[in-house]
Amino acid sequence: MEKFLFMKRLATILLVLSMVLTLSAQNTTFNKDSVFTLGINAYAGGNLEEAQLHFDTYLKNADDTTDAQYATVLHKRGNVATLLGHYKEALRYYHTSLAIREKLFGKSHPDCAASLANIGNALQNIGKHAEAIDYLLRGAEMDKKFFGEMSQFYGEDLHNIGNSYYGLRDFANAEKYYLEAARTKASTIGDDSYDYATTLAMLANLYSDLGQNETAMKYYETAAKIIGASKSSQDTYANVISSMGTLYSALGNYTEALGKYEQAKAILEKMGMEKTTTYIAVLTNVASAYFFMGNYDKTLEVDRQVAEIAMAGMGEKSLEYATALNNIGTIYMKTAEYTKALEYLWNAAKIRKEVLGENNIEYAKSLNNIGNTFLLKGDAKASADTLLKAYKIAESVFGKGHNNTTDYLLNIANCYMKSDDYKLAHTYLQKSYEIGSKSLRENFSFLSSRERELYWQNNQVLYNSVIENTFHIPADTSAARCSYNAELVTKGLLLTSEIEFNRLIAESKDSKLIAEFENMRQLGLILNGELEKPVEERIYNCDSLEKEIQKMERHLVENCRQYGDFTRSIAINWKDVQKSLKPNDVAIEFANFTENDVVKYAAIVLTKAMESPVFVPLFDESDIARLLRGIAPAKPDVQKDDDRGASTVSAKRQGIYESTGLYRLVWQPLEKYFPENPRIYFAPSGTLHQIAVEYAPVDNDKTISDKYEVYRVSSTRFLAMDYMQRPLKNSVLYGGIFYDSDTTTMKRESDRYSTRTTNTTSIFALNRNEDRGSLNYLPGTKTEVEDIVGKLKKSRVKTKLYEGTQANEESFKALSGSNIAVLHIATHGFFLPADEKLSGDQSLIQSGLLLSGANYAWQNKPLPEGIEDGILTAKEISYMDLRKTDLVVLSACQTALGEITGEGVFGLQRGFKKAGAHTIIMSLWPVDDKATLLMMTEFYSNLTSGMTKREAFLASQNKVKTTAGFENPRYWAAFIMLDGNGK
């Protein structure tokens, strides 16, 4: 079909050409005014090929080559050449036109000013920006003289001068002229005009290059709104939309970027602009989106299409063709076809160097790709030389410390790491880290939570590289400091920024802002419910709903800044943590990374007296696996009544907590750095999230927690953030729950609350066909919560107990926003891996707690409309407000489990943390009902007697392991306390 359309267009061109040649042969029929008019009309209508034919006919047949009309045709013919990407050809037409106009009108005339402007613009297009500025300034002075400072023409001149400075990467002067152009245009033609919007679009490009992405996005959105409303110049609108896509791509949101590129492409195709430079640029962007999304076949297909158009329209020495060659080369690099890759990349580099010179960012990009290809091919020396050259050019173009140099620095570091020159690698990693972290905070400050997640996915490789490199030079103090800072940033980065954001909104006391926030959360709950359903059962368009939520959140982010900075935690460094430590405190950040398919672990230790953190390489994941081999949980055929979950623990699980193997791997290498009587704060990483390393036996008599005061924390950065423990004044407890409550009772209890959300079942959606047995009633939980209530009331703690049919999901969600010091939940817990891996916070639907009436949904039985299903997922919990809750006790099975990522554990603990809870007690495996009853009642006895949370917890644990029948670690080692410190 495409070939047919092309041939049809070609036939039309030949027919027109034939008619023109016939007219030329009949000299008496040539009418220059008529041909002039035809050319002007075709040009105005965007039909460049027809305009070119008429203009060429005019220039060939006109007798007078010195009059004003002839100069105008030359000028317009230059415009056609420019639009077709033939810039050097355009210059010839413009210069000839200028010479005629100067002879006719003198050097100071509006028409001469127009020629000067177009010559300047053409010079910009071939990279001669310094030369362009001279012509543009001359033209601007004429327009200023003829039309005044407050004129549309002068405003456009300022805009063009800004373009040249922008091309020279002189961002200060570019910004100066763009802003002046915008003010002039706003005053003369209005701030809703097309020309004003084009300047906004260039300012957006400028701020995007400066890494000021929030400002860039605002300008893009305003420019797109104005230009899009204009029925003419839709090609400019397409260009702005495409630029917005590029910004989304820089932020790691490739799906959104591709959508913008495709939108721009469709506009240009509708206009018949498939052979223009604008179309080539957009098509190149489409290919780049597929490239970053890993679809290399589609990328190659589109890039080859770009190469064909560029070759045919602009020639084999054009920058557009060079870009296509470069991009094809990068695909071959990714697919390990290095000889092919280098061939394409070198050809692209040669063209760029010839057209633009050596000191140009496009040439630097080519060298960067060539250097990376050399490294993959195994030629480290050639790689380093080439990458260094690329970086020096990038630094000279952008300036030292610019965000656009981060990847160049990281590539050089990677090259030296591959060559085992880790000290030199650190030099470049340090520079890249400093720039990247500043950019991270700036971008997080205006993005929505989903956009932050995508941005982080695209940028976390830098932080992983820092840890990996330091592993090989642990004695390097600079590298150790950088590694500690990297861990402070990475652990729970997304979670912490969201918690801080939620807190700012809630504490703002801005009723309008809070209402908008609640509206966004409600839409989030609806989206969550829809995503849990099979696609064919969804009512709403999830993509549209998600975009609306992101739009609302972006607006909230912008407006909440007046109340504080929710990115402040990113700026916390090792010195800030050290300042918060007491003389005997120890802060430990555990870290892990993958090198050659081997997961390796390290610890970074910090004390008050240290001049620098100490980096300590520890073990491989296989070492932990050997300790755990043969002692993992086993799922029995029949569940026992005294277990709070769907599985029990193999008796061999005790092994890791009865031998000293865990201590020797994790703690023994660190002890030499501990001060006397240390108090240890440690933040786990990787597998350590789900191993109770604080119970590692030191010898036959005691564990590491018996020997030292040990606190498990989400991140040691929280030591540098103030937190006041809330007094134990009130509490809410759940236990003795009826999982088999009848639907009539469930409906009656549900009607007591007005906080119901959509009736969805994540378990049903994730595992629709799974055959699950009935949930057993847990008699120990009733005894447990009633005993705890008695103890709390004796200590005059206000207490509310939900049990039986009252312990439903509706009552739990109604607690949102309440002032509750302690929330205790004794029930079944679950963690069910999905058939397909879920990304980010969506994986929170795999973990949860089971409340009244849960057996219906648990066994895939139908449930009446209008009531909750009793399966409370971590995702649902995350939408609650539990900021005033100091302690959550999850007296249930497997409540510490979840998908492990660099962010931490995506399970119940993340759900409660997102809701704002501080300290969490949770379990690593299915727990025994009687042992848990003993531990929990003892814990509250200790807590109400005046012990700290940790003291009460350890004492209750010790009570269990010294009670006959419960000595085995399977009864007492499952429970861990997260963030139990007083800070």
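1. Salt bridges, overall. A salt bridge here is a side-chain nitrogen of Lys or Arg within 4 Å of a carboxyl oxygen of Asp or Glu. By that rule the structure, which is a predicted model, holds 51 salt bridges. Side chains of opposite charge can pair when their charged atoms come close. The next three points take examples.

2. E362 and K365 meet through their side chains, 3.4 Å from N to O. Both residues belong to helix α18, which covers residues 361-377. They are three residues apart, about one turn of the helix. E362 has a relative accessible area of 24%, so it is partly exposed. K365 is partly exposed too, because its value is 37%.

3. A bridge between distant parts of the chain. Which residue forms a salt bridge with D886? The partner is K949, with the closest N and O atoms 3.1 Å apart. D886 sits in the loop between α37 (874-878) and β12 (887-891), while K949 is in helix α40 (residues 949-961). The two are 63 residues apart. Are D886 and K949 buried or exposed? Both are buried.

4. A network. Salt bridges link E500, R503, E507, R568, D881 and R883. One of the contacts joins the side chains of R883 and D881, at 3.0 Å from N to O. R883 has 24% relative accessible area and therefore counts as partly exposed. D881 is at 21%, so it is partly exposed as well. The cut-off matters for D881: buried means under 20%.

5. The structure holds 33 aromatic pairs. Y657 and W925 form a tilted one, 5.7 Å centre to centre with 40 degrees between the planes. This pair links distant parts of the chain, 268 residues apart. Y657 is in the loop between α29 (621-628) and α30 (661-666). W925 is in the loop between β15 (919-923) and α39 (929-944). Y657 counts as buried because its relative accessibility is 4%. W925 is at 1%, so it is buried too.

6. W667 and F682 pair edge-to-face. Their centres are 5.6 Å apart and their planes stand at 90 degrees. W667 lies in the loop between α30 and β4 (679-683), and F682 lies in strand β4, so the pair ties together parts 15 residues apart in sequence. W667 has 0% relative accessibility and so counts as buried. F682 is also buried, because its relative accessible area is 0%.

7. A ring cluster. Which residues do ring pairs link into a cluster? They are Y254, F291, F292 and Y296.

8. Charges over rings. The charged end of K961 sits over the ring of W972, 4.6 Å from the ring centre. R970 places its charged end over the ring of Y971, at 4.9 Å from the centre.

9. Strand β16 and its partner. β15 and β16 pair in the antiparallel sense, over four bridges. I921 stands opposite M977 in β16. From β16, F975 and M977 point one way. I976 and L978 point the other way. All four side chains named here are buried.

10. Positive phi. Most residues other than glycine have a negative phi. Two residues deserve a look on this count. D979 has a positive phi of about 60 degrees although it is not a glycine. D979 lies in the segment after β16 (975-978). At 4% relative accessibility, D979 counts as buried because the limit for buried is under 20%. A336 has a phi near 65 degrees, again positive in a residue other than glycine. A336 is in the loop between α16 (319-334) and α17 (338-356). Its relative accessible area is 45%, so A336 is partly exposed.

11. A nonpolar surface patch. Which residues make the nonpolar surface patch of about 280 Å²? F146, F147 and F153 do. F146 is found in helix α7, residues 129-147.

Definitions and conventions: Residues are numbered from 1 along each chain as its sequence is written. This is a predicted model: local features need pLDDT of at least 70, side-chain atom pairs count only at pLDDT 80 or more; totals for chains, interfaces and linings use all residues. Side-chain values use heavy atoms; hydrogens and water are left out. Patches are made of residues with over 30% relative accessible area and no salt bridge: like charges are joined within 9 Å, nonpolar side chains (Val, Leu, Ile, Met, Phe, Trp, Tyr) within 5 Å. Accessible areas come from the Shrake-Rupley method with a 1.4 Å probe; for residues, only the protein chains shown count as cover. Rings of Phe, Tyr and Trp (its six-membered ring) pair if their centres lie within 6.5 Å; planes under 30 degrees apart count as stacked, over 60 as edge-to-face and the rest as tilted. Buried means under 20% relative accessible area, exposed over 50%, partly exposed in between (1.4 Å probe, protein chains only). A charge sits over a ring if NZ of Lys or CZ of Arg is within 6 Å of the ring centre and within 35 degrees of the ring normal. Two strands pair if DSSP finds at least two bridges between them.
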